[in-house]
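Hi everyone, thanks for coming.

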Amino acid sequence: MKALSLVVQFLLFLLLFSLHKAVAEGVTPEEAKLLRDEVREMFYHAFDGYMEHAFPLDELRPLSCEGEDTLGGYALTLIDSLDTLALLGDRERFTASVEWIGKNLRFDINKTVSVFETTIRVVGGLLSAHLIASDYATGMKIPSYDNQLLDLAEDLARRLLPAFDTPTGIPFGSVNLKHGVDEHESKITSTAGGGTLTLEFGILSHLTNDPIFEQVTKNAVRGLWARRSKLNLVGAHINVFTGEWTQKDAGIGTSIDSFYEYLLKAYLLFGDEEYLFIFQEAYSAAMHYLYNDPWYVEVNMDSAAIVWPLFNSLQAFWPGLQVLAGDIDPAIRTHTAFFSVWKRYGFTPEGFNLATLGVQHGQKSYPLRPELIESTYWLYKATRDPRYLDAGRDMVASLQYGARCPCGYCHISDVEFHTREDHMESFFLAETVKYLWLLFDLAVGPDNLVENGPYKYIFSTEGHLLPATPQISLLQEHCSYFGAYCNQGDFKEEPHALDKSVDSQETNGSRVFKGWVRTGLQLDSSYLEASPVSGLIKGLCPGLTHGQKYGISYLASVDTPRADDSAKQKETVPQSHAIVVVSDQGANQSLSGDSNNDSVKESTERESERDPSQS
């Protein structure tokens, strides 16, 4: 009887879903406005449910209308929701939430937490809200605010720093906020866990004038990239002490996904070319070895042999990242394939087997993930193709008829029968409804902080709004932090320093000069245009590999530079070449700069510890 009941519920869902979709085959401006308002109501149904039944615990149990501590016991969902409240223009609740957190939140607690999740959800949420609450230009400045959230973010990040004390520079996966890393802590971490910290920690360094946060996260990225295979692929899990890969499956989904994402976004936000060079090579390798048009597979990082013909739901962020990179055509095809899975089940399961064309055993759930919705937003932003509004409408219908619960929105534990689970992740409010609301607001005629605000915004992997303010993104700031590459005294301000490629995040139909990173294209410097930040990083020569430029070579073949080689480098001033990501408005403008060349010392596992102000 229970099985029959589930079947009836599923058939009822399909009927309601089809009726919702049958309103019109194309979303009109009037419908887009109604959908935007419906998504706003979805946010408040879940947010109010959390505040009434779960706060100040971490997350809501939306079926039983109770709360639970899942990360650290510090009002996680409220912190994750702060910038969504600001985006919706809810000054009253944004102000009250910021004030409560400033007065009541403390991190001097005996809790062991995930470095990755704590960084993207809590540090990122606090920093995003701080940058909104402290700035008149956002229209949401709180008069009584006195940097309380920034102080909390700095305190929390310092408590995470012991995790980075490893021989490779790659951090432990977990750390105790009061006592540091436990002696029995696992030495195995994921590539995403070690390589998705640069945005939050980098911003913290720029806001506090303390380079340590930016240094440790950049060293972590270097530690991972130095251990890439000769195919420029990285595995899923690695030993942070020995640097040995414990899982060599390379892919764009689970355990690796946001490593790629933060390479490009760190360049867009900070203008640091090293991240761009790594992204070039990593993306080119992914498109060559992982892309099986229009799907992506997992392969052995050394041999490229297919090990897992699987679409997992975390891959769905990739088309959105491709929009930022300017690679629109494969993004459109891949999104179409991914969305076909959503249409088949009403949600995307955690795993869909490409060989059997069925849900992967043991991966039948949909935990309210935002990735496909995120890519839908970016593709609509880039193309204005109405099919993405239709997709968004289908997604709203699925969530409303399949996941809505008495106090919020429930996990779907089985996408085939739409059985519900009594849990709601904080990212549902930080990302899922945020991207849906932005999608329909964009269709109506946007009037929000992201589209019409004073800054260009980079979205973190948790969907937090990170603005490219002068303090964060100005070129001359970088010399304070990247002392290995330039002397602050030698830096000369260029007249176009403020006109940076961060504009690409706001692009409509963004692209890249010279058809960058199409499938099979070798990313040689001869294909690339000069970058406006090329004068920052010294010692870059056309035609050199990334390893030669930065000393991050394969560990088996690292050479120690000789003093006379360094002297010879200083005698030449070669032109640096890099990619410029541009919007349509800036497509006919090219900026260039010459590199003032100092030697760049090679390193093995990571850069040696040193004062960042000295080169």
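Let's start with Leu87 and its contacts: setting aside neighbours within four places in sequence, Leu87 touches Lys434, Trp437, Leu438, Asn448, Leu449, Val450 and Leu465. Please keep in mind that this is a predicted model. Leu87 belongs to helix 3, which covers residues 76–87. Is Leu87 buried or exposed? Its relative accessible area is 5%, and since buried means under 20%, Leu87 counts as buried. Take Lys434 from that list of contacts: Leu87 and Lys434 are 347 residues apart along the chain, yet their C-alpha atoms are separated by 8.4 Å.

Now over to a pair of helices. Helix 14 (residues 371–383) and helix 16 (residues 427–444) have axes that come within 8 Å and cross at roughly 20°. Angles under 35 degrees count as roughly parallel, and therefore that is what we call these two helices, helix 14 and helix 16. Their crossing is left-handed. Who makes the contact? On the helix 14 side we find, among them, Ile373, Tyr377 and Trp378, and on the helix 16 side residues including Tyr435, Leu438 and Leu439. By type, the residues of this contact are ten nonpolar, two polar and two charged.

Three strands form an open sheet in the order 13-14-15, with antiparallel pairing. Strand 13 (310–312) and strand 15 (358–359) are the edges. Three bridges join strand 13 to strand 14 (residues 351–353), and Phe311 has Phe352 as its bridge partner. Helix 13 (residues 328–345) packs on this sheet and touches strand 13, strand 14 and strand 15.

Technical notes:
Residues are numbered from 1 along each chain as its sequence is written. This is a predicted model: local features need pLDDT of at least 70, side-chain atom pairs count only at pLDDT 80 or more; totals for chains, interfaces and linings use all residues. Side-chain values use heavy atoms; hydrogens and water are left out. Axes are lines fitted to C-alpha atoms, for helices over the stretch in contact, and angles run from 0 to 180 degrees between N-to-C directions. Helices (H or I, at least four residues) and strands (E, at least two) are DSSP runs, numbered from the N terminus. Angles under 35 degrees count as roughly parallel, over 145 as roughly antiparallel, 65 to 115 as roughly perpendicular and the rest as oblique. A crossing is left-handed if the near helix is turned anticlockwise from the far one by less than a right angle, and right-handed if clockwise. Contact means heavy atoms within 4.5 Å. Ala, Val, Leu, Ile, Met, Phe, Trp, Tyr, Cys and Pro count as nonpolar, Asp, Glu, Lys and Arg as charged, and the others, Gly among them, as polar. Buried means under 20% relative accessible area, exposed over 50%, partly exposed in between (1.4 Å probe, protein chains only). Two strands pair if DSSP finds at least two bridges between them.
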